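This report considers a strand pairing and a set of salt bridges. The structure under discussion is shown below.

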Number of protein chains: 2
Amino acid sequence: MRVAVVTVGDELLAGDTVNTNASWLCERLAARGARVERVTTVPDRVSDIARVVNEYRAEYDAVVVTGGLGPTHDDLTMAGVAAAVGRELVEHEEALAWLTEHGGYIADELAEGTAHLPARARMLPNEEGVAPGAVVEGIYVLPGVPDEMKAMFELVAEEFDGEETFTRAVVTSEPESGLLDRLRDVQAAFDVTVGSYPGENVRLKLSGTDETEVEEAAAWLREHVDVVPAEE
Amino acid sequence: MRVAVVTVGDELLAGDTVNTNASWLCERLAARGARVERVTTVPDRVSDIARVVNEYRAEYDAVVVTGGLGPTHDDLTMAGVAAAVGRELVEHEEALAWLTEHGGYIADELAEGTAHLPARARMLPNEEGVAPGAVVEGIYVLPGVPDEMKAMFELVAEEFDGEETFTRAVVTSEPESGLLDRLRDVQAAFDVTVGSYPGENVRLKLSGTDETEVEEAAAWLREHVDVVPAEE
């Protein structure tokens, strides 16, 4: 399953906030076997949200959108998603009922817009906050507050299940430029994908859908490069 | 100046790495007066890099690309950028000369591809590492290793200078849904943009190009909401 993640928020584009929601979602999606192909941050603007969500839903199997839910003027994600799928934004009866029953809210007291979702969307309750999420045409709309986002993602996590990917890491003290021959060899001999990530040491990451193959490739690499013992 | 940031790397899409390069770049670009409109992470694939860079260079005044420079098989950013602008990837004489003179490298010992840049690109020396960066048709290509990326960005930072934006933050203990009237009023009375960021408290961020106007809007808000003293 190929997935795109869209994170909404001027505070991300201003560099005020580090996008830990994106890395958390990527990790969880990868763990379920989904492959994240894009992570894009867009401003709090309906037209930008609609355009990117629309492009990605045409291209990928699912789109996960986070941020910009709530009652204030800069919470525009539901309007953007509704525009992307050509639906009206309507007061959602199930959302209202959930907020009344579980949240203890009285409908008249809820801020305007809180229970508005794209028409006929599936409502996702916000167990850690107020503003509900939604699923519509393969687009999963989650809040931006991390605790709320995480709890809501778990409600739909199994919908992203795919073929599991196994990974192993080998850390080496050799310079990246000297490893080219071994990287070529390991990819020729085993059905794995190899990533090379330089830093103080070079981290080689092997991944693939056959755990034995990935393990054998890692064992081969450990024999053929100067290994730095893992810290974990 | 409207800018897009493209971060390249499977490790970001797998959630192995939090994208602190993106938030650092966004903050620095905002400080120079540039407005970041998109931050997108793409996989280590030439076609994906080329496609996104090409789309963004048509839409924005500049594109900053980070990651995927170096000698290994998954360092594909220069090839992607060359494809985006329809230029060949060539061994760059100035890059070779710089590496020889400043890096102490002997050309024959450099790993294949290290000094390859899009034809006729401006070379950016890597003062903290090896692989050079490049500027070509408004696309700034920087390394992914944070120290190397930061040092190289500073070489070109002034090229992003624009109208300075001033910001003030007011933190309030009131719930976001109760603030709607004051948020409407402050935007009606002052020429500022207001962002509302919920968390334990709600952070209201005011920004605009007229410092006095932003300061007056912040003073007005401080009088009209229950303020939580700033920690900083």
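## Strand S10 of chain B

In this predicted model, strand S10 (residues 193-197) of chain B is largely enclosed by the rest of the structure, because four of its five residues are buried. S10(B) pairs with strand S11 (residues 202-208) of chain B in the antiparallel sense, over five bridges. Within this pairing, B:Ser196 has B:Leu204 of S11(B) as its bridge partner. Four residues lie between S10(B) and S11(B), and the two strands form a hairpin.

## Salt bridges within chain A

Over all chains, the count comes to 34 salt bridges. One of them joins A:Arg2 and A:Glu37, with the closest N and O atoms 3.9 Å apart. A:Arg2 lies in strand S1 (residues 2-8) of chain A and A:Glu37 in strand S2 (residues 35-42) of chain A, so the pair ties together parts 35 residues apart in sequence. A:Arg2 is partly exposed, at 29% relative accessible area, whereas A:Glu37 is buried, at 2%.

A:Arg28 and A:Glu154 also form a salt bridge, their closest N and O atoms being 2.8 Å apart. Because A:Arg28 lies in helix H2 (residues 20-32) of chain A and A:Glu154 in helix H6 (residues 146-156) of chain A, this contact ties together parts 126 residues apart in sequence.

## A helix-strand contact and a network

A:Glu215 and A:Arg168 meet through their side chains in a salt bridge of 2.6 Å, N to O. The pair links helix H8 (residues 211-224) of chain A, which holds A:Glu215, to strand S9 (residues 166-172) of chain A, which holds A:Arg168; the two residues are 47 residues apart.

Salt bridges with shared partners join A:Arg2, A:Arg35, A:Glu37, A:Arg38, B:Arg45 and B:Asp48 into one network.

Conventions: Residues numbered from 1 in each chain as written. Chains lettered and ligands numbered in written order. Predicted model: local features only at pLDDT ≥ 70, side-chain atom pairs only at ≥ 80, totals over all residues. Heavy atoms only, no water. Buried < 20%, exposed > 50% of the residue type's maximum accessible area, 1.4 Å probe, protein only. Pairing = 2+ DSSP bridges. Salt bridge = Lys/Arg side-chain N within 4 Å of Asp/Glu carboxyl O.
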